Amino acid sequence: MDNLDLKTLRILCELHTTRSVSVTAENLHVTQSSISMTLARLRKHFKDMLFVRTSMGMEPTPVADELITRSSEAVTCLEAMLGYHDTFDPVATERTFRIAMTDVDQMVMVPMLLERLASEAPNLTLEVSLISSQTPALLESGKIDLAVGFLPPLDVGFIRQRIFSEHFVCVMRNDHPRIGGELTRESFLRESHAIVSRNGTGHKQLDRALNAHKIERRLGIEISNFPSISAIIERTDFLAIVPSRLAVHWQSGNLSIRSLPLPFAVPPYMVMAHWHKRYMRTPAMQWLRGLVSGLYS
């Protein structure tokens with residue numbers, strides 16, 4: 001009986017209910033011979049007749065009655081397991097999603113996400129952290145659900161998706177005394193810059209473009225993150241190169257900052273979402289990835 005299965009248990013339960021091999025075969029859409037063979041195997045395994053012919057039909061033995069009690073529970077469990085389908089209802093969920101992002105994404109994307117969540121998943125909680133060298137391991141373990149931004153080449157098992165294309169612009173304060181409606185190469189080289197020192201796909205492309213055009217910025221201040229740049233730009237004559245959506249975000253917030261195209265060509269770069277293959281088919285994760293990518297569709 002090493003191959004005891006759900007079909008065998010169903011036959012046992014149906015025999016107990018119908019007290020008839022022919023009716024059991026008809027109800028389960030199998031042949032009477034298969035019912036008889038299954039019953040023979042069960043009798044041999046349990047060393048008991050299980051069902052005995054009487055004037056009232058096939059009556060169960062006490063062993064069969066006990067087996068029915070136990071097998072009914074087993075059938076219920078097996079049917080529940082085989083019929084299991086993972087589902088996710090964003091309206092009803094109270095779970096927490098954990099996302100790792102760059103500082104720019106935290107400033108720009110998180111408010112957009114919260115606005116969507118308020119209407120689509122009002123009881124959902126969001127935990128946001130900075131993307132780091134530990135992010136791949138956290139994605140693999142499930143401690144982070146999604147990462148948005150640049151990650152170095154990942155091992156087999158990770159999946160990434162393009163969310164949108166981004167490009168760099170130059171920002172300055174609205175009343176900059178020496179720059180009008182156009183930014184020339186000469187003006188760009190003459191002014192001092194607030195430079196963000198960090199690694200990433202976009203910044204590598206920016207550095208390559210600067211080298212290709214033989215452009216070296218005049219350093220006014222070097223800083224490790226983007227959030228502090230806006231206050232510096234508003235209060236100085238410094239220029240800064242930032243992602244275009246960050247410039248739009250500042251301008252929509254009525255900051256005294258404007259943006260102009262760079263006076264040299266810098267290729268656009270892709271902002272990516274990353275997750276681990278373990279959670280690719282999970283309905284909750286599929287919903288989250290769709291929500292994030294849908295912000296820019």
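Contacts first: among those in the protein with a separation of 6 or more, 75% join residues 24 or more positions apart. Keep in mind that this is a predicted model. Its secondary structure comes to 11 helices and 12 strands. The radius of gyration is 33 Å, well over the 19 Å that the globule rule gives for 297 residues, so the protein is more spread out than a compact globule.

**Overall dimensions and surface**

- Along its principal axes, the C-alpha trace runs to about 110 × 35 × 25 Å.
- Of the 297 residues, 43% are buried.

**Helix α11**

- Helix α11 covers residues 283-294, which makes 12 residues.
- From first C-alpha to last, α11 reaches 16 Å, close to the 16 Å expected at 1.5 Å a residue.
- Its buried residues are A284, M285, W287, L288, R289, L291, V292 and S293.
- What do those buried residues of α11 pack against? Their partners include one helix, α5 (103-120), along with the strands β3 (96-101), β5 (146-148), β6 (158-166) and β12 (269-276).

- S230 belongs to helix α9 (residues 229-235). With a relative accessible area of 12%, S230 falls under the 20% cut-off and counts as buried.
- Setting aside residues up to four places away in sequence, S230 touches W250, L255 and I257.
- V248 sits in helix α10, residues 244-252. At 51% relative accessible area, V248 is exposed, given that the cut-off for that label is over 50%.
- For a sense of distance, take V248 and M49: they are 199 residues apart along the chain, and their C-alpha atoms are separated by 81 Å.
- S259 is part of strand β11, residues 257-260. Its relative accessible area is 28%, making S259 partly exposed.
- S259 and V171 are 88 residues apart along the chain, yet their C-alpha atoms are separated by 4.3 Å.

- Most residues other than glycine have a negative phi.
- R19 has a positive phi of about 60°, although R19 is not a glycine. You'll find R19 in the loop between α1 (6-18) and α2 (21-28).
- Is R19 buried or partly exposed? At 24% relative accessibility, R19 is partly exposed.
- N254 also has a positive phi, here about 65°, and is not a glycine either. The loop between α10 and β11 is where N254 lies.
- The relative accessible area of N254 is 72%, so N254 is exposed.

Note on methods:
Residues numbered from 1 in each chain as written. Predicted model: local features only at pLDDT ≥ 70, side-chain atom pairs only at ≥ 80, totals over all residues. Heavy atoms only, no water. Helix = DSSP H or I, 4+ residues; strand = E, 2+ residues; numbered from the N terminus. Rg over C-alpha atoms; globule rule 2.2 N^0.38 Å. Buried < 20%, exposed > 50% of the residue type's maximum accessible area, 1.4 Å probe, protein only. Contact = heavy atoms within 4.5 Å. Expected span 1.5 Å × (residues − 1).
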